[in-house]
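Visitor: I am new to this structure and would be grateful for a close look at one part of it. Please take the place where the two chains meet.

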Amino acid sequence: MSAIIAGRVCVKTAGREASKYCVITDVIDDYFVEITGPKALTGMKRKKCNISHIEPTADILKIKAKATDDDILKAIDTAKLTDKMKAGLKL
Amino acid sequence: MEPRFRSRSFKRIETSLPGGNNVLHYRRKGVAKAHCSTCGVPLSGVPTGKKGDIAKLSKTEKRPERPYGGVLCSRCAKENIKVKSRL
């Protein structure tokens with residue numbers, strides 16, 4: 001079971017939003033996935049991202065591929081990850 | 001020799017003049033580039049120059065907008081995030 005699947009909670013390791021949590025919404029191909037913060041929670045918009053710029057964590061959300069941000073927010077609430085994702089990684 | 005040139009903060013430059021005699025010219029030394037505090041590689045995205053010239057730049061021109069921007073290089077910053085995310 002590969003770690004890079006839709007619903008996986010990851011940490012962005014490169015770029016302006018480094019150390020922010022994000023959720024994989026869709027796997028595009030071997031190198032790219034679509035991620036979202038969601039924007040309301042972490043300020044990161046929905047975008048295409050190279051998998052070498054994200055680091056998967058242990059949490060997985062039960063969402064469909066290409067889910068909307070509202071569904072993702074609900075899934076984050078049920079998984080009780082809201083505070084952790086909002087705060088971002090403590091460096 | 002002027003008193004201020006007696007210190008080593010001035011570089012000595014031997015110049016030969018058209019008349020044939022040699023003279024010492026004095027010039028200030030270059031400013032060092034910023035280096036990563038972990039692996040010591042020169043930092044990208046951080047300008048080098050006199051303090052006055054850098055002070056005129058805007059905030060985002062002085063360092064990258066990443067956590068530890070201007071302190072760690074991009075590779076060490078990424079490693080740092082990966083390690084902390086696995087705790």
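Guide: What follows is an account of the interface between the chains.

This is a predicted model, in which local features need pLDDT of at least 70 and side-chain atom pairs count only at pLDDT 80 or more, while totals for chains, interfaces and linings use all residues. Residues are numbered from 1 along each chain as its sequence is written, chains are lettered from A in the order in which they are written, and side-chain values use heavy atoms, with hydrogens and water left out.

Chain A brings 13 residues to the contact and chain B eleven residues, contact meaning heavy atoms within 4.5 Å. Together the two chains bury about 1,100 Å², of which 66% lies on carbon and sulfur atoms; buried area is the accessible area (1.4 Å probe) that two parts lose on being put together, summed over both. On the side of chain A, 51% of the area buried against chain B comes from Thr13(A), Glu55(A) and Leu91(A), more than from any other three residues.

Glu55(A) also takes part in a salt bridge with Arg86(B), the closest N and O atoms being 3.0 Å apart. The term denotes a side-chain nitrogen of Lys or Arg within 4 Å of a carboxyl oxygen of Asp or Glu, and the rule finds one such bridge across this interface. The residues of chain A that touch chain B comprise four nonpolar, five polar and four charged. Here Ala, Val, Leu, Ile, Met, Phe, Trp, Tyr, Cys and Pro count as nonpolar, Asp, Glu, Lys and Arg as charged, and the others, Gly among them, as polar.
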